[in-house]
Amino acid sequence: MRIGLDLGGTKIEGVVLDGDFDEKNRVRRPTPVQDGYEAVLSAVTEVVAELEAGFDFPLPVGIGTPGTISQKTGMMKNSNTTSLNHRPFKRDLEEHLKREIRMANDANCFALSEALDGAAKGYGVVFGVILGTGVGGGLVVNGRIHEGPNSIAGEWGHNVLDESGPPCYCGKSGCVETFLSGPGLEADYRTLGGAKLSGVQIAQRLVDGELLAGQVFERYIDRFGKALANLIGVLDPDAIVVGGGLSNIDALYTRASDAVLPYLFSDEMVTPVLKNRHGDSSGVRGAAFLWE
């Protein structure tokens, strides 16, 4: 038995999985980001207590977080839940829970879940793409997360796609995230004269055949192809699996190869771009798999 937690900017979600990876308990509650660092620590501690209620022993805890732990300082960095940055989040959480925990970037947890028993099962090198409120990525090699010496392997969302693009919270302009995230899609829709809609609503208008949504998506799929081509040109993974709130856009999969090929240093694009199998559960499942 083990606990997996997904600490997001809007919600904390946790599951208990047994040895067959079957779910035994699930808890979800809002992330109190407005209340600061200590409130987030307390909320995570309470979720763990609720998950293991009824067990006579403490369960192993794996947690997926936005950002990552600096190998140099032990502090959290690169989190869009900014109250966690520059704080010893892992150490403090271990003190609250009175046990060792395992922690990884949430996109790495997603990629691990999908590589072990999801859409990318059986592939050696798997890159997990997150298209949601932000754009993240995770890298799994032969069933193990690869973080890299700077703990940023997979952070393709903050590669610059177009320097003339919108400013990004990371301090650069025109990052992949500013174009391919949900807010990036929403901003582009408004730029072309559309109403203020969510990325999911825009995707539905695309399905319904709206002309403007189609125009916006043509720009989106071209940028998606260019960004993936840059990734494939360096890493050339065996499979790419897509998650996040925009992952339900079917055209991301049917048109990925054609979108990538014009930007790729190759005469063919054979890398499969796959839709996730576990959806919103991939993050918490992957966090639990940190104890494999």
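Select Asp-188 to begin: at 11% relative accessibility, this residue counts as buried, where buried means under 20% relative accessible area, exposed over 50% and partly exposed in between, with a 1.4 Å probe and protein chains only. Asp-188 belongs to helix H5, residues 182-191; helices (H or I, at least four residues) and strands (E, at least two) are DSSP runs, numbered from the N terminus. Not counting residues up to four places away in sequence, Asp-188 touches Val-216, Arg-219 and Arg-223, contact being defined as heavy atoms within 4.5 Å.

The model is predicted: local features need pLDDT of at least 70, side-chain atom pairs count only at pLDDT 80 or more, and totals for chains, interfaces and linings use all residues. Residues are numbered from 1 along each chain as its sequence is written, and side-chain values use heavy atoms, with hydrogens and water left out.

**The nonpolar cores**

Next, select Leu-131, Trp-156, Leu-180, Leu-228 and Leu-252. Of the 40 residues in the largest nonpolar core, these five touch the most other members. A nonpolar core is a set of buried Ala, Val, Leu, Ile, Met, Phe, Trp, Tyr and Cys residues joined through side-chain atoms within 4.5 Å. Helix H7 (residues 211-235) supplies the largest share of this core, twelve residues. Another core, of 24 residues, lies apart from it and has Ile-3, Ala-43, Leu-59 and Val-61 among its members. In soluble globular proteins, nonpolar side chains tend to be buried together.

Centre the view on Leu-131. Leaving aside neighbours within four places in sequence, its contacts include Trp-156, Leu-180, Tyr-220, Phe-224 and Leu-252.

Rings of Phe, Tyr and Trp (its six-membered ring) pair if their centres lie within 6.5 Å; planes under 30 degrees apart count as stacked, over 60 as edge-to-face and the rest as tilted. Because they are three residues apart in helix H7, Phe-217 and Tyr-220 are separated by about one helical turn.

**The five-stranded sheet**

Now display the strands in the order E3-E2-E1-E4-E7, which make up an open sheet with mixed pairing. Two strands pair if DSSP finds at least two bridges between them. Strand E3 (23-30) and strand E7 (101-105) are the edges, each pairing on one side only. On average, neighbouring strands of this sheet are turned by 15° against each other, direction ignored.

Select strand E1 (residues 2-7). Six of its six residues are buried, so E1 is largely enclosed by the rest of the structure. Arg-2, Gly-4 and Asp-6 point one way from E1, while Ile-3, Leu-5 and Leu-7 point the other way.

On one side, E1 pairs with strand E2 (residues 11-17) in the antiparallel sense over six bridges, and a hairpin joins the two through three residues. Look for Gly-4 opposite Val-15 and Leu-7 opposite Ile-12. E1 also runs parallel to E4, joined to that strand by four bridges; here Leu-5 stands opposite Ile-63.

Move on to E2 and E3, which pair in the antiparallel sense over seven bridges. Val-15 has Arg-26 in E3 as its bridge partner. In the hairpin of E2 and E3, with five residues between the strands, Phe-21 takes a positive phi near 65°.

Axes are lines fitted to C-alpha atoms, for helices over the stretch in contact, and angles run from 0 to 180 degrees between N-to-C directions. Helix H3 (residues 106-117) lies across E1, E4 and E7, at about 95° to E7.

**Rings, charges and a loop**

Select Tyr-37 and Phe-89. Their ring centres are 6.3 Å apart and their planes at 65°, so the pair is edge-to-face. It links helix H1 with helix H2 (residues 89-97), the two residues being 52 apart. The charged end of Arg-87 sits over the ring of Tyr-37, 3.9 Å from its centre; for this, NZ of Lys or CZ of Arg must be within 6 Å of the ring centre and within 35 degrees of the ring normal.

Finish at Glu-155, in the loop between strand E10 (144-145) and helix H4 (176-180). Glu-155 is partly exposed, with a relative accessible area of 23%.
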